[in-house]
Amino acid sequence: MRFLTPVIVPNADYSESPIVDALSSNLACLSMRPVKALISSAALRHNLGVVRRCAPHSHVFGVVKANAYGHGLAQVARALEAADGLALREIDAAVRLRESGYARRIAVHEGLVGAAELPVAVQHDLTVAEHNGQHTHMLDAAPGGPPHDWVLKMNTWVNRYRVT
C-alpha cells in the first residue's frame with residue numbers, strides 16, 4: 001500500500017509542544033527556511049481511496065486543520081467529496097463550511113468550548129465529539145437533551161485520539 005504525500009507543512013504551529021516550552025528561552029536561535037506548501041487534490045483523492053480499500057466497511061472522514069494550512073477548506077472539501085464527512089477542530093470553521101453548502105457530515109473533533117456552542121452545533125447539524133467529563137455533563141444538561149449526532153473520542157495513547 002502506498003500513500004502519496006499531499007502537503008508539506010511549512011512553519012507548523014508548535015505552540016502546544018512540550019519541546020518548544022522546554023526550549024522557549026532558546027527559540028531565537030531556531031530559524032526556518034521559507035517553504036512552499038502545495039496541496040495535490042489528486043493525492044488527497046488517492047489517499048482516500050487507499051483508506052477505503054483498507055477499511056471498506058468503515059466511515060471515513062477527512063480531518064482538515066487550520067484552513068488546510070492556509071490553502072483553503074473549500075479546496076480540500078472538494079477534493080475529499082467522496083469522504084463520508086469532514087472533521088474540523090473549530091466550530092467556526094464547521095459553521096462556515098456548512099453555510100457554504102457542504103451537505104455531508106461535519107464533526108467538531110475538539111468538542112465544544114462551552115455550553116453556548118451547543119445550540120450552534122444543533123442549528124448547523126454538526127456532529128459533536130465527546131472526550132471528557134465536562135462535555136458529558138454539558139451534553140446531558142442541554143435543553144431538549146443531547147444533540148442527535150455525537151461521537152465518543154478516546155485517547156488511545158500519547159494523545160492519539162480515535163473516534164468511534
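**Arg-98 and its surroundings**

Leaving aside neighbours within four places in sequence, Arg-98 is in contact (heavy atoms within 4.5 Å) with Ala-103, Arg-104, Arg-105, Ile-106, His-124, Asp-125 and Leu-126. This is a predicted model: local features need pLDDT of at least 70, side-chain atom pairs count only at pLDDT 80 or more, and totals for chains, interfaces and linings use all residues. Residues are numbered from 1 along each chain as its sequence is written, and side-chain values use heavy atoms, leaving out hydrogens and water.

**Arg-98**
- The Arg-98 side chain does reach the backbone oxygen of Tyr-102, at 2.6 Å.

**Helix H5**
- Arg-98 lies in helix H5, residues 91–99 (a helix is a DSSP run of H or I, at least four residues; a strand is a run of E, at least two).
- The buried residues of H5 are Ile-91, Ala-93, Ala-94, Val-95, Leu-97 and Arg-98.
- Their cover includes helix H4 (73–79), strand S2, strand S3 (105–108) and helix H6 (117–123).
- Gly-101 follows H5, with a positive phi near 110 degrees.

**Strands S1 and S2**
- S1 (residues 61–64) pairs with S2 (residues 85–88) in the parallel sense, over four bridges; pairing takes at least two DSSP bridges.
- Gly-62 stands opposite Leu-86 of S2.
- Gly-62 and Val-64 form the covered face of S1, while Phe-61 and Val-63 form the uncovered one.

Methods. Buried < 20%, exposed > 50% of the residue type's maximum accessible area, 1.4 Å probe, protein only. Polar contact = N/O pair within 3.5 Å; in protein donor to acceptor, adjacent residues only side chain to side chain.
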